[in-house]
Amino acid sequence: MQPVVDLRSDTVTQPTERMREAMAAARVGDDVFREDPTVAELEQLAARMVGHRAGLFCSSGTMANLVAVLAHCQRGDAVFADTDAHVLHYEAGGLAVLAGTFPQPIRTADGNPTPEELEAAVPPPDVHRPHPRLVWLENTHNRAGGVAYPPERTAAVAWWAHARGLRVHLDGARLFNAAVALGVPAADLASPADSVMVSLSKGLSAPVGSVLCGSEEFIEHARRWRKVVGGGMRQVGVLAAAGLVALREMVDRLAEDHRRARALAEGLAQVPGVAVDTHRVHTNIVLARVADAAAVVEHLRAHGVLALALDPHTIRFVTHRHVDDEGVERAVRAMREAVVSARR
Ligand code: TLP
């Protein structure tokens, strides 16, 4: 039996040996009393890397995004996000259910709103409408296919939003993928935003965790909201220790995942019946359009290749540390057969 090539997500990555050693050796304390030195170190390192003053370790990206909304907004405030933003599709509606905010999806040309698109979509304050409060960015953009947006994009939106009294949150679950792909420091992509969330548990391979970063004042406020949603953890330095290894040792190697995603995209683009927009493959995500995504994914699974159907015609493949060059070749071969078999 050949091993499975798991391209469903980079969230399936296993912690490295160095992470397991660091976890076993971690100095810990009660983090609700702010006595865990390893968590403090992780929060400071993450904040520095993304160009902000303070950080807050959260159990997941979903929690960090939710805490950001709770800390920025009041009930009834409007949150403006691209129609395909992860927060609107895959975070169980937490911004409405728990934060009481009003999601306002914006149709954008390439996944993240520009100042012009915001100008058209965000109304001036008016008693009839939810109060405009937060603009949402995502870099890289998951459903757009891992597209990376350059620093000017964050800066332009932040300038526009701040001039109107709005705040900007950046969902940077894969911010380091964007930084590596663009060859810029992550801080250049994130510092103009008021807050940013980065995940440690995706391509960086830590088992758990995301860090929410922002000003000291914002993070103090967010710390309280994290407690409200049950996210105050105790000797959690055992997890933060893996996160430190992720930030120190696992960022540069993301370039390998990007190289393989490109090879995969180019391979898939040659398969009759599969359409791939190779220009949009900037990082580790490849979107393939087919006639019947569910049937193709099922055939792939039966042949040891796992991928996700995002909608009836789109399949998502994500490269990561456990997918090698041979895995990419196997995926392309399996797709060739799968598309033929799905037509029968
Ligand atoms: N994304 C996961 C799934 O939820 C779809 C994946 O496999 O890609 N923001 C973005 C842009 C994300 O891609 C994700 C996870 C999150 C937030 C949420 O992070 P977690 O899973 O840690 O709650």
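Student: What makes the set of residues around L175 and F176 a nonpolar core?
Tutor: A nonpolar core is a set of buried residues such as Leu and Phe that are joined through side-chain atoms within 4.5 Å, and in this predicted model the largest such set has 48 residues, with L175 and F176 having the most contacts inside it. The largest share of this core, six residues, is contributed by helix α11 (residues 237-249).

Student: Which residues does L175 touch, leaving aside those up to four places away in sequence?
Tutor: Contact means heavy atoms within 4.5 Å, and by that rule L175 touches V50, N139, T140, L170, A186, L189, A190, V196 and V198. A second, separate core of 29 residues includes L268, A307, V328 and A338.

Student: How do you know that β3 and β5 pair?
Tutor: Two strands pair if there are at least two bridges between them, and strand β3 (residues 77-82) and strand β5 (residues 131-138) have four bridges, in the parallel sense, so by the definition they pair. A78 stands opposite P132 in β5.

Student: Why are β2 and β4 said to stand at the edges of the sheet?
Tutor: Seven strands form an open sheet in the order β2-β8-β7-β6-β5-β3-β4, with mixed pairing. Because β2 (54-58) and β4 (102-106) each have a single partner strand, one side of each is left without a neighbour in the sheet.

Student: What makes helix α2 a helix that packs on this sheet?
Tutor: Helix α2 (residues 37-49) touches β2 and β8 (210-214), and its direction makes about 125° with that of β2.

Methods
Residues are numbered from 1 along each chain as its sequence is written. This is a predicted model: local features need pLDDT of at least 70, side-chain atom pairs count only at pLDDT 80 or more; totals for chains, interfaces and linings use all residues. Side-chain values use heavy atoms; hydrogens and water are left out. Helices (H or I, at least four residues) and strands (E, at least two) are DSSP runs, numbered from the N terminus. Axes are lines fitted to C-alpha atoms, for helices over the stretch in contact, and angles run from 0 to 180 degrees between N-to-C directions. Buried means under 20% relative accessible area, exposed over 50%, partly exposed in between (1.4 Å probe, protein chains only).
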